[in-house]
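These are my notebook entries on one protein model. I set down what I looked up, entry by entry.

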Amino acid sequence: MTHLHQETLQKAIKDVLEGAKTKKRGFLETVDIQLKLKGYNVSKDKRFVGSIKLPHIIRPNVRIGVLGNKVHCEEAQKLNIPAYDLPTLTNFNKEKKVVKAWTKRHHLFLASPDVIGQVNKVLGQVYTRANKFPTNIKTDTVAKVVDEVKRTANIRLKKSVAFGIPIGNVNMTERQVFENLTLCTNYVVTLLKKGWQSIGSIVLKSTMGKVHRIY
């Protein structure tokens, strides 16, 4: 059950989306929630990691690369997604500049089960350090996994009690943002030992927009 005040939340969502329309950017802004915990010691208390699939796509323009076998590469190409088989990756010869530039062109990667175990070995340390280890396609279709990663919110508490989570984008409707936000917030609460008591504040904003406090 959410502790967010519905009227405050709905007004904040409306203001964020209208603000983005008033001053359009040259890219699609995400809509983020930023949380600050209270009574939480990151050096002593458990740092949590989690992910949740939301009802609506968060990042429609995310740049994905598929590291695949023949079947998955063909699937990816039909979806206009860049695909790379093992011989292609091997041809990089672990050249640092080549691998680094190639890695930067993608936000994330997907990989076939029979390819994923060889990726780090073939691409070398530059790829490993980029922290973009691929998501395993497993027995799913490429299209299904692409849809899932586009609508998945990742939550990770690192060295600070404050952290942000993209939960949507400014092209979404108010209702879509509301549904993604409430589901994601309620999930974060389940990761906290004291639930809502551990949350000091929550604000809502677009990438370049103003901050609106919702809790």
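Is Thr182 buried or exposed? I find Thr182 buried, with a relative accessible area of 13%. I use buried for under 20% relative accessible area, exposed for over 50% and partly exposed for values in between, with a 1.4 Å probe and protein chains only.

**Entry 1. Basis of the notes.** I am reading a predicted model, in which local features need pLDDT of at least 70 and side-chain atom pairs count only at pLDDT 80 or more, while totals for chains, interfaces and linings use all residues. Residues are numbered from 1 along each chain as its sequence is written, and side-chain values use heavy atoms, with hydrogens and water left out.

**Entry 2. Thr182.** I placed Thr182 in helix α9, residues 174–191. Helices (H or I, at least four residues) and strands (E, at least two) are DSSP runs, numbered from the N terminus. I then followed the side chain of Thr182, which reaches the backbone oxygen of Glu179 at 3.3 Å. I count this as a polar contact, a pair of N or O atoms within 3.5 Å; within protein, one must be able to donate a hydrogen and the other to accept it, and residues adjacent in sequence count only if both atoms are side-chain atoms.

**Entry 3. Domains.** I noted that the chain is divided into domain 1 (6–48 + 157–213) and domain 2 (64–148). These bounds come from an automatic or database domain assignment. The C-alpha centres of domain 1 and domain 2 lie 30 Å apart.

**Entry 4. The sheet.** I traced an open sheet of 4 strands in the order β4-β3-β5-β6, with parallel pairing. β4 and β6 (135–136) stand at the edges, each with a single partner strand, so one side of each has no neighbour in the sheet. Two strands pair if DSSP finds at least two bridges between them. As background, strands of a sheet pair through backbone hydrogen bonds, either parallel or antiparallel.

I listed the pairings in turn:
- β3 and β4 pair in the parallel sense over 2 bridges, and Val66 stands opposite Ala83 in β4.
- β3 and β5 run parallel and are joined by 4 bridges; Ile64 has Leu108 in β5 as its bridge partner.
- β5 and β6 run parallel and are joined by 2 bridges; Ala111 has Asn136 in β6 as its bridge partner.

Which way do the residues of β3 point? Ile64 and Val66 point one way and Gly65 and Leu67 the other, and all are buried.

**Entry 5. Helix α4.** Which residues of α4 (96–104) are buried? I recorded Val99, Trp102 and Thr103 as buried. They cover an arc of only 100° around the axis, so they sit on the same side of α4; the arc is that of the directions from the helix axis to the C-beta atoms. The face turned away from the buried side carries the exposed residues Lys97 and Lys104. I then looked for what covers the buried residues of α4, and found, among others, β3 (64–67), β4 (83–84), α3 (86–90) and β5 (108–111). α6 (119–123) and α7 (125–129) are also included in that cover. Contact here means heavy atoms within 4.5 Å.

**Entry 6. Aromatic rings.** I found 8 aromatic pairs in the structure. The rings of Tyr84 and Trp102 have centres 5.2 Å apart and planes at 85°, so this pair is edge-to-face. The pair links distant parts of the chain, with Tyr84 in strand β4 and Trp102 in helix α4, 18 residues apart. Rings of Phe, Tyr and Trp (its six-membered ring) pair if their centres lie within 6.5 Å; planes under 30 degrees apart count as stacked, over 60 as edge-to-face and the rest as tilted. Both Tyr84 and Trp102 are buried.

**Entry 7. Met208.** I located Met208 in the loop between β9 (199–206) and β10 (212–213). Met208 is partly exposed, with a relative accessible area of 45%. Not counting residues up to four places away in sequence, Met208 touches Arg25, Phe27 and Glu29. Met208 and Gly19 are 189 residues apart in sequence and 9.6 Å apart in space, C-alpha to C-alpha.

**Entry 8. Positive phi.** Most residues other than glycine have a negative phi. I noted Asn80, whose phi is positive and near 60°. Asn80 lies in the loop between α2 (70–78) and β4 and counts as exposed at 72% relative accessibility. Asn131 has a positive phi of about 60°. Asn131 lies in the loop between α7 and β6 and is exposed, with a relative accessible area of 71%.
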